[in-house]
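Hi everyone, thanks for coming. Let me put the model up on the screen, and then we can walk through a couple of spots together.

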Amino acid sequence: MATKATTDASFSADVLEAGKPVLVDFWAEWCGPCKIIAPALEELAEELADRVEIIKIDIDENPDAPTKYGVRGIPTMILFKDGQPAAT
């Protein structure tokens, strides 16, 4: 399974209510490092599909979630487990 996109509107359902851990990649289209790590995240999403879901959220189009979780720079990744941030 490849990475999946989420929005502020669907963040709760996609991430907080997920049945397994979710790694959220906070990114933006203009972010060079974000583009560099994207292929590795796609590969990890395939390899770890049965254990973790990898979800991307564009911070320019969805400012609420990054603000709520204190994202100050990108790329930032937060691992959510049982609806709570477990690691950054």
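Let's begin at the surface, where Glu42, Glu43, Glu46 and Glu47 gather in a patch of negative charge. Patch members have over 30% relative accessible area and no salt bridge, with like charges joined within 9 Å; a salt bridge would be a side-chain nitrogen of Lys or Arg within 4 Å of a carboxyl oxygen of Asp or Glu. Glu46 lies in helix H2, residues 32–47; helices here are DSSP runs (H or I) of at least four residues, and strands (E) of at least two. Glu46 is partly exposed, at 48% relative accessible area; buried means under 20%, exposed over 50%, and partly exposed in between, with a 1.4 Å probe.

A word on the source: this is a predicted model, where local features need pLDDT of at least 70 and side-chain atom pairs pLDDT 80 or more, while totals for chains, interfaces and linings use all residues. Residues are numbered from 1 along each chain as its sequence is written, and side-chain values use heavy atoms, leaving out hydrogens and water.

Now the aromatics. Rings of Phe, Tyr and Trp (its six-membered ring) pair if their centres lie within 6.5 Å; planes under 30 degrees apart are stacked, over 60 edge-to-face, and the rest tilted. That rule gives 3 aromatic pairs. Phe11 and Tyr69 make a tilted one, 5.7 Å centre to centre with 35° between the planes. Phe11 sits in helix H1 and Tyr69 in the loop between helix H3 and strand S4, so this pair ties together parts 58 residues apart in sequence. Tyr69 and Phe80 have ring centres 5.0 Å apart and planes at 85°, so that pair is edge-to-face. Phe11, Tyr69 and Phe80 form one aromatic cluster.

Note on methods
Patches are made of residues with over 30% relative accessible area and no salt bridge: like charges are joined within 9 Å, nonpolar side chains (Val, Leu, Ile, Met, Phe, Trp, Tyr) within 5 Å. Accessible areas come from the Shrake-Rupley method with a 1.4 Å probe; for residues, only the protein chains shown count as cover. Lys and Arg count as positive and Asp and Glu as negative; His and the chain ends are not counted. The place of a charge is taken as NZ of Lys, CZ of Arg, CG of Asp or CD of Glu.
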